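Subject: Structure handover

Hello,

Here is the structure we spoke about. Please open it alongside this note.

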Amino acid sequence: MAISDTVRTRFAPSPTGYVHVGGLRTALYNYLFAKKHGGKFILRIEDTDQTRLVPGAAENIENVLEWAGLIPDESPRRGGDFGPYTQSQRLHLYKHYCEQLIAEKKAYYCFSTPEELEEVRKLQQKQGLQPKYNRKWLPESMGGSMPESKIKEALDSGIPKVVRMKVPDGITIKVHDVIRGTVEFDSAVVDDQVLLKADGFPTYHLAVVVDDYLMKITHVIRGEEWLSSTPKHVLLYEFFGWEKPVYAHVPLLLNPDRTKLSKRQGDVAVEDYIKKGFSRDALINFVALLGWNPGSGSEQEIFTLEELHEQFSLEHVGKSGAIFNLEKLSWIEKEHIRRKSDKELANLIRPILSDALKTRQTELPIETIMSEDYLIAVAREMKERVHFIHEFVTFSSYFFFEPETYEEEAVKKRWKENTNALLLAFSAQLEALPAFTASEIESALKSFCESKGIKTAEMVHPIRLAVSGASFGPSLFHMLEILGKDAVCRRIKRATERLKAEPTTA
RNA sequence: GGCCCCAUCGACUAGUGGUUAGGUCACUUCCCUUUCAAGGAAGCGGGACGAGUUCGAAUCUCGUUGGGGUCACCA
């Protein structure tokens with residue numbers, strides 16, 4: 001295991017559609033491990049199943065990785081010295097190595113039809129046996145019962161054939177895994193796996209070994225579902241006489257009922273979470289923590305990608321599956337928002353607002369609400385109250401749009417007989433304020449309430465309702481300052497008109 | 001079913017023979033507060049079970065149970 005070269009890891013998905021969040025985590029761990037050791041992170045597309053190809057899926061995978069900030073050093077799009085990085089473009093290589101195996105009597109041709117194999121399998125299952133290839137076509141020269149002449153005959157006739165690896169009998173295959181230790185398999189439980197399919201494409205097992213070798217992959221970090229087929233891969237490395245990579249099988253991501261995370265029980269595609277408004281920072285942070293922790297002494301929960309680089313280590317990856325918990329993800333999202341500067345947030349809000357303005361009219365000057373100063377002010381007031389960036393525009397829409405409705409319950413509770421009159425009277429005082437700042441507004445309200453002999457709460461709540469339509473939100477006086485005198489007075493007037501008929505319940 | 005993996009609060013986890021078993025999310029209560037948050041304080045709640053090793057086990061061993069993965073010309 002003397003790996004003297006630089007660390008090279010890879011993410012090797014098949015292009016069958018979306019990117020699974022479990023896949024994102026696998027990609028992340030590979031990326032982090034490579035970066036941590038000054039190595040390279042490679043993306044390889046495993047499109048050896050012609051029947052499952054989804055157009056555009058490979059492109060999509062690379063887009064999602066880029067969205068996540070996990071930029072591969074080598075990939076189909078970016079190229080590299082070990083390409084091509086798409087397996088369907090490497091068919092000649094698999095064929096070449098397969099022929100080598102046949103010549104060395106480590107693999108053999110098999111002409112059994114899929115129907116025939118299915119029948120054998122059924123029979124074995126009926127008898128309570130492990131379904132396995134019956135070695136019908138294993139040549140006599142390799143310890144089987146098929147005469148060489150028959151094989152030659154079949155070969156010459158051109159009937160469809162596959163190539164199978166010959167698993168040695170009676171040996172123990174050891175898989176060394178940095179997460180799980182040494183796992184042993186009896187070769188009797190390993191099937192003579194098909195290496196090359198009838199259509200000339202390799203199976204995963206051949207392709208992964210050949211490519212990992214040729215691409216000089218040093219560490220194979222992948223999902224636990226691969227652990228039980230790893231002995232096949234180990235055997236192939238031994239057949240070829242190649243140095244094996246270091247294996248690390250990471251635990252699975254689970255549904256709330258502890259079954260493997262699946263589409264049925266919620267969203268599994270990274271794209272789904274992007275659509276919901278989750279940021280790359282939060283998703284990466286969350287997924288990193290599902291199965292990994294910074295180790296004893298550290299209680300850090302919020303990480304940037306850069307911090308993960310520095311701290312990641314395979315030693316702190318756990319062994320048991322982890323449930324994908326939306327609540328914690330949401331909390332992490334919120335924490336990441338809080339850690340951003342107001343200016344950063346302003347720049348994130350602007351496109352969302354711009355989008356909203358396409359379908360919604362605003363009574364405020366567009367130059368004002370789209371300005372950096374305005375958005376920074378909104379960000380400052382709202383950053384501790386939102387869970388998603390888009391909530392700056394939806395949750396606190398009153399910063400950008402006049403309220404159309406007023407919370408019914410709150411109006412019932414806060415609107416009294418004299419509320420409209422008081423509001424109008426105070427509004428007139430606001431008009432006259434020389435400086436429309438939070439502190440000026442606050443002292444104006446205090447003295448106003450004193451002069452009227454009422455509690456400030458009797459004004460504070462109605463004003464908030466009149467201006468925002470909501471019973472909750474940021475500091476009232478700061479909110480008013482941001483909105484500006486014109487908008488505030490206009491909205492107060494509008495509210496008194498609209499809520500005129502309501503005071504009976506008070 | 002065979003083989004393999006796994007097992008600490010509801011969830012994510014720290015812990016590697018001696019700890020009052022710690023933290024975070026969620027939940028509850030209190031404080032702060034014009035609201036909502038945020039913040040502060042507290043609470044709730046845990047080593048699947050049974051043996052063994054040991055002066056001493058969440059930590060080591062074995063068994064049981066439970067969960068998961070895998071048994072394709074899919075990855």
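Below are the findings, from the overall shape down to single residues.

This is a predicted model, in which local features need pLDDT of at least 70 and side-chain atom pairs count only at pLDDT 80 or more, while totals for chains, interfaces and linings use all residues. Residues are numbered from 1 along each chain as its sequence is written, chains are lettered from A and ligands numbered from 1 in the order written, and side-chain values use heavy atoms, with hydrogens and water left out.

Overall shape

Chain A has a radius of gyration of 33 Å, whereas a compact globule of 506 residues would be near 23 Å. That radius is taken over C-alpha atoms, and the globule rule is 2.2 Å times the number of residues to the power 0.38. The C-alpha trace spans about 110 × 45 × 40 Å along its principal axes. Chain A holds 21 helices and 11 strands. These are DSSP runs numbered from the N terminus (helices: H or I, at least four residues; strands: E, at least two).

Of the 506 residues in chain A, 49% are buried. Buried means under 20% relative accessible area, exposed over 50%, and partly exposed in between (1.4 Å probe, protein chains only). Among contacts in chain A with a separation of 6 or more, 74% link residues 24 or more positions apart. Contact means heavy atoms within 4.5 Å.

Helix packing

Helix α3 (residues 91-103) packs on helix α7 (residues 230-240) at about 75 degrees, and their axes are 11 Å apart. So α3 is roughly perpendicular to α7, a label for angles of 65 to 115 degrees. Axes are lines fitted to C-alpha atoms, for helices over the stretch in contact; angles run from 0 to 180 degrees between N-to-C directions. On the α3 side the contact uses Tyr97, Gln100 and Leu101; on the α7 side it uses Leu236, Phe239 and Phe240. That splits into 5 nonpolar, 1 polar and no charged residues. Nonpolar covers Ala, Val, Leu, Ile, Met, Phe, Trp, Tyr, Cys and Pro; charged covers Asp, Glu, Lys and Arg; the others, Gly among them, are polar.

Helix α14 (residues 372-382) is mostly covered, with 8 of its 11 residues buried. Among them are Tyr374, Leu375 and Met382. Their cover includes α12 (342-356), α13 (366-369), α15 (391-394) and α20 (476-483).

Tyr398 sits in the loop between α15 and α16 (408-414). Its relative accessible area is 3%, so Tyr398 is buried. Beyond four places in sequence, its contacts include Met382, Val467, Phe472 and Arg491.

Thr26 belongs to helix α1 (residues 21-36). Thr26 counts as buried because its relative accessibility is 12%.

Backbone points to check

Gly83 and Pro84 are joined by a cis peptide bond, omega about -5 degrees. Pro84 is in the loop between α2 (57-68) and α3.

Lys216 is not a glycine, yet its phi is positive, near 55 degrees. Lys216 lies between α6 (204-214) and β8 (219-223), in a loop, and is partly exposed at 44%.

Arg258, also not a glycine, has a positive phi of about 75 degrees. Its loop runs between β10 (253-254) and α8 (270-275). Arg258 is exposed, at 53% relative accessible area.

Best regards

Note on methods
Angles under 35 degrees count as roughly parallel, over 145 as roughly antiparallel, 65 to 115 as roughly perpendicular and the rest as oblique.
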